[in-house]
Amino acid sequence: MSQAKELQDLDLRHIWHPFTQAGVSPAPIPIRQAKGAILIAEDGREFVDMISSWWVTLHGHAHPAIVKAVAEQAARLEQVIFAGFTHAPAVELARRLSSLLPGDLNRVFFSDDGSTAVEAALKLAHQYWRNIGAPERRRYLSFEGGYHGDTVGAMSVGTKSGLFDHWRDLMFEVTTLPFPATWEGDGDAAEKEADCLHVLDGFLAEMGAETAAFIIEPLVQGAGGMRMCRPQFLQAVAERLKRAGVLLIFDEVMTGFGRTGETFACLKAGVTPDLICLSKGLTGGFLPMSATVCSDAVHDVFLGGTLDKAFAHGHSFTANPLGCAAALASLDLLLQDETGARVKAIEAVHRQRLFSMPAHPKLARHRIMGTIAAVDVECPDAGYAAAIGPKLREFFMALGFVIRPLGNVVYLLPPYCVEEAQLHQAYDAIERAAVEVIQ
Ligand SMILES: *Cc1c(COP(=O)(O)O)cnc(C)c1O
């Protein structure tokens, strides 16, 4: 039996894969190695990773600078308890994140993945108001279509994503407000935004004083289907929250580290939140790690003479030195001029190809935000479970591309090392799919 087949058989016997119905899904493809934007399978096939391996890879797989940083750190200090101890990679990473983020977002709480970064932000916001003496502020706001992770708190604020119906009874109550999904050339953008702001105004007038925080994926709702909004909308929301005294949490787990064309979406939007959640691209996609960065003003409310006011929360691997070392090496790469040029070049190809795709009766809402491009396939079962999704995925895999539609939404979110030729070939594949699969 071939190595690939043997791995597949053992995998099917012992492993439970995420978001996968093993009863109908094709067997998982064993990957032997990866380099740059290419995944190499055990059987020798190659795939171009056009979704950055679930949005985490920034500079390419196995980037030598990050490999070296992780290896050197592993030989020096692989892990240490982070209560009562600290280490240079964590200190340096926190300092650099603070300097890159706007305003006084200077206090970094490390955890392990996007969900736990969100969970920390939600708990921080809750305790913030208790510490201040306003425990009645306990409501949370989120946008329809928002996705913030899979832990119970993160599910609660993402409840309208439609992904969590099985666990409805576990969640706390959250108010979800309409989101003005807009795109370039959307003639109704201003009207949609005004409608959403009107609903927000109504809510804040009635419930603002009971509300702890609003959690938002700025500029792009990722898992909800790459739904985008304009900076001026986020500015209008932030202004209203400030007036109502509601904390603003930006979930930049996906949008952070250059995806939207700026280092962070908050910079592109011109909005400084009170808390920001970072993960996915933080370590360049090498290690699971996240950060919840808070303003000094939020942090200082947790100071006092007793443990009671402290944030009594944390994880075994908080600020893992290997993750911090990977993140520092990834930030070095991110801030190089060459990376900025690559990010611009990706957006330029998106603009050239997405907006000049042959007109197709079922393709709509072509949209771009920096390195992210998306288009909807109109279908009766639109949404995460749309039947067209797996069909398209298989079609793209057969052509050598990892392009994994979110239901009926086809999108590209490549690592920054992607070659322009690879990107053009991905668009060729999408145009072929429009003719051969979507029809
Ligand atoms: C992926 C994602 C999360 C959850 O991150 P995990 O690492 O999967 O726990 C949270 N928020 C956003 C916006 C995400 O895209």
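A residue is called buried when its relative accessible area is under 20%, exposed when it is over 50%, and partly exposed in between, using a 1.4 Å probe and protein chains only. Helices (H or I, at least four residues) and strands (E, at least two) are DSSP runs, numbered from the N terminus. The model is predicted: local features need pLDDT of at least 70, and side-chain atom pairs count only at pLDDT 80 or more, while totals for chains, interfaces and linings use all residues. Residues are numbered from 1 along each chain as its sequence is written, and side-chain values use heavy atoms, leaving out hydrogens and water.

Let's start with helix 4. Its buried residues are Pro89, Ala90, Leu93, Ala94, Arg96, Leu97, Ser98 and Leu100. An α-helix has 3.6 residues a turn, so residues three or four places apart point the same way. Counting a contact as heavy atoms within 4.5 Å, the buried residues of helix 4 pack against several elements, including helix 3 (64-76), strand 4 (105-111) and helix 11 (321-334).

How far apart are the end C-alpha atoms of helix 4? They are 18 Å apart, which agrees with the 18 Å that its 13 residues (88-100) should span at 1.5 Å a residue. The expected span is 1.5 Å times one less than the number of residues.

## A hairpin and its neighbour

Two strands pair if DSSP finds at least two bridges between them. Strand 2 (residues 38-41) pairs with strand 3 (residues 46-49) in the antiparallel sense, over 3 bridges. Here Ile40 stands opposite Glu46. The two strands form a hairpin with 4 residues between them, and Gly44 in the turn has a positive phi of about 95°.

Strand 3 also pairs with strand 15 (residues 401-402), this time in the parallel sense over 2 bridges. Asp49 has Val402 in strand 15 as its bridge partner.

Now for a sheet: 3 strands form an open, antiparallel one in the order 13-14-16. Its edge strands, each pairing on one side only, are strand 13 (363-369) and strand 16 (409-412). On average, neighbouring strands of this sheet are turned by 15° against each other, direction ignored. Strand 13 and strand 14 (residues 372-377) run antiparallel and are joined by 5 bridges, with Ile368 opposite Ala373.

Helix 12 (residues 337-354) packs on the sheet and touches strand 13, strand 14 and strand 16; its direction makes about 160° with that of strand 13. Helix 14 (residues 420-438) also touches strand 13, strand 14 and strand 16, and its direction makes about 165° with that of strand 16. For these angles, axes are lines fitted to C-alpha atoms (for helices, over the stretch in contact), and values run from 0 to 180 degrees between N-to-C directions.

## Around the ligand

Which residues surround the ligand? Among them are Trp55, Asp113, Ser115, Tyr147, His148, Asp251 and Lys280, where a residue counts if one of its heavy atoms lies within 4 Å.

A polar side-chain atom of Asp251 lies 2.7 Å from a nitrogen atom of the ligand. An N or O atom in the side chain of Ser115 is 2.6 Å from a ligand oxygen atom, and for Lys280 the distance to a ligand oxygen atom is 2.7 Å.

## Two residues with positive phi

Trp55, in helix 2 (residues 52-55), has a positive phi of about 75° although it is not a glycine. Is Trp55 buried or exposed? Trp55 counts as buried because its relative accessibility is 7%.

Phe19 also has a positive phi, near 45°. Phe19 is found in the loop between helix 1 (3-14) and strand 1 (31-35), and is partly exposed, with a relative accessible area of 43%.

Terms used. A polar contact is a pair of N or O atoms within 3.5 Å; within protein, one must be able to donate a hydrogen and the other to accept it, and residues adjacent in sequence count only if both atoms are side-chain atoms.
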